[in-house]
Amino acid sequence: MTRRDPVPAPTRDPGWTGGNLAATLGYAALVVIAWGSNYPLMKRAFVDMPPLTFSATRVVGAAVVVALLMRIKGEAALLPPAGERARLALIGLLQFASVLGLVSVALQFLPAGRTVTLVYSMPVWAALFSSLMGKGRLAWRQLAGVGLGLAGLALFLDPSVIDWNSPGVPLGMAMVLAAAALWGLGAALYGGRQWRASLLCQTFWQLVAAACPIGVAAVILESGRATNLTLPLVAIIVWNWLVPTAMAVWAWSRLLNRVPSTVAGQLLALTPFVGIACSSALFGERLPPVFSLCAAVIALGSCLVLWPSRVRKQAPQSPGQQI
C-alpha cells in the first residue's frame, strides 16, 4: 500500500500588492458589510416571521444556493469525504446552529447593535478553547486580547448599564454569549487540520447539519405562530440567501486565498461597528457611550487574539465559520 501524499497547502494570491489590493479590500468590505448589516435586518424580519422559522428558511435556502454555486463551478462531490462528515457536521452544529438559532431568538429581546457586538467576541472564545485543547500556548498579545475581550463582556454585564429586569434580557444575553462560545469551540475543533473537502462543500454540509435542529425547533416551538409574507420579509429572506450567506461566503474564501487568516480575522473586528451603525439607522437605537467603549474593547481584544506573535503557517479556514 502506498502512502498518500500530504495535501498541499493552497496557493495564496498576492492580495496586498499591485492591482490586487482593490479587489482584496472589496472582498473584505463585502464580508463586513453583509454580516454586520444583517443583524438589524433579521430583527426587522422577525416582525413578520418567527425567528427560528426565519433561520430555518435562511439555512435551507442558503444550502440550495451554495449547492448551485458548486455545480456552476463544476465541483462533482456535493458531500465531503466520509471520514470528514461527522466532524464537519459537529462544527456546523456548534457554529451555524448556535449563531443562527440562538442569536435569532435573542434578537427578540436585545437591540441589534448590542447583539452583534457580543456575537463578535467569538475570536476570544476560540483562543480560549484552542489553548484548553492544547493547540499551542497563547502568546502575550493573545493573552492581553483575551483579557480585553473578557473586560468588554464584563462591561456589557454591568447592572448599571443593562436593565436585567426587562423581560427576556437575561435569557437573550445568555443565548448570545452561548452562541459566541459555541462558535469558538467549533473554530477550535476545526483549526489545525487539512481538509480534503472544498470550502463550498464544507459550508454546504455544515448548513445541512444546522438545518436539522433549527427546523425541528421551529416546528415544535413556533408551529402556532403566524407568518405574514410581506414585501420587506421576502426581500430580507432573498437577501439572506444571496448576500450574507452565498456571496459573503464566496468573498470570505477568496479573501482567505489572498491574505493570511489572521489578517482576514482582524478585518472582521469592524463588523460590530457596521452592525451598530445600521441598527441606529434602521431602528433609531442610541446606545450610551459605554456600549461604544465595549465594542471598541472587544474589537481590540479580537485583533490581539488574531494577531500572532510570530508568522506561522496556518491551515485553511472554512468560510462558513464567520457567518
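Author: Let us begin with a term: a helix is a DSSP run of H or I with at least four residues, and helices are numbered from the N terminus. By that rule, Thr203 is found in helix α8. Please keep in mind that the model is predicted.

Reader: How many helices and strands does the protein have?

Author: The protein has 12 helices and 0 strands. Read from the N terminus on, the order of its elements is α-α-α-α-α-α-α-α-α-α-α-α.

Reader: How should I read burial, and what percentage of the residues is buried?

Author: A residue counts as buried when its relative accessible area is under 20%. In this protein of 323 residues, buried residues make up 49%.

Reader: Is Thr203 buried or exposed?

Author: Thr203 has a relative accessibility of 0%, and therefore counts as buried. Its C-alpha lies 9.6 Å in space from that of Ala246, although Thr203 and Ala246 are 43 residues apart in sequence.

Reader: Which residues of helix α4 are buried?

Author: Helix α4 covers residues 112–119 and is mostly covered, with 8 of its 8 residues buried. They are Ala112, Gly113, Arg114, Thr115, Val116, Thr117, Leu118 and Val119.

Reader: Where does α3 bend?

Author: The bend of α3 is at Ser98 and amounts to about 40°. Helix α8 has a kink as well, of about 25° at Ala211, shortly before the proline Pro213.

Reader: Which residue is 48 residues from Val103 along the chain, with its C-alpha 9.7 Å away?

Author: That residue is Ser55. Val103 itself has its place in helix α3. Because its relative accessibility is 0%, Val103 counts as buried.

Reader: By what values are two packed helices described?

Author: Two packed helices are described by the angle between their axes and the distance between the axes. Consider α2, residues 51–73, and α8, residues 199–222: they pack at about 155°, with their axes 8 Å apart. An angle over 145 degrees counts as roughly antiparallel, and therefore α2 is roughly antiparallel to α8. The crossing of these helices, α2 and α8, is left-handed.

Reader: At what angle do α3 and α8 pack?

Author: Helices α3 and α8 pack at an angle of about 60°, and their axes are 7 Å apart. The two helices, α3 and α8, are therefore oblique to each other. Here the crossing of α3 past α8 is right-handed.

Reader: How do the axes of α5 and α7 cross?

Author: The axes of α5 and α7, the latter being residues 169–190, come within 7 Å and cross at roughly 50°. That angle makes α5 oblique to α7. The crossing of α5 and α7 is right-handed.

Reader: Where is Ser131, and is the residue buried, partly exposed or exposed?

Author: Ser131 is placed in helix α5, residues 122–132. With a relative accessible area of 30%, Ser131 is partly exposed. Along the chain, Ser131 and Ala188 are 57 residues apart, and 8.7 Å separates their C-alpha atoms.

Reader: In which helix is Trp183 found?

Author: Trp183 is found in helix α7. Since its relative accessibility is 3%, Trp183 counts as buried. The C-alpha atoms of Trp183 and Trp125 are 7.8 Å apart in space, while these residues are 58 apart in sequence.

Reader: Finally, how many aromatic pairs does the structure hold?

Author: The structure holds 1 aromatic pair. Its rings belong to Phe46 and Phe54, with centres 5.6 Å apart and planes at 80°, so the pair is edge-to-face. The cut-off behind this step is that planes over 60 degrees apart count as edge-to-face. Both residues, Phe46 and Phe54, are buried.

Notes
Residues are numbered from 1 along each chain as its sequence is written. This is a predicted model: local features need pLDDT of at least 70, side-chain atom pairs count only at pLDDT 80 or more; totals for chains, interfaces and linings use all residues. Side-chain values use heavy atoms; hydrogens and water are left out. The bend at a residue is the angle between axes fitted to the seven residues ending there and the seven starting there. Rings of Phe, Tyr and Trp (its six-membered ring) pair if their centres lie within 6.5 Å; planes under 30 degrees apart count as stacked, over 60 as edge-to-face and the rest as tilted. Buried means under 20% relative accessible area, exposed over 50%, partly exposed in between (1.4 Å probe, protein chains only). Axes are lines fitted to C-alpha atoms, for helices over the stretch in contact, and angles run from 0 to 180 degrees between N-to-C directions. Angles under 35 degrees count as roughly parallel, over 145 as roughly antiparallel, 65 to 115 as roughly perpendicular and the rest as oblique. A crossing is left-handed if the near helix is turned anticlockwise from the far one by less than a right angle, and right-handed if clockwise.
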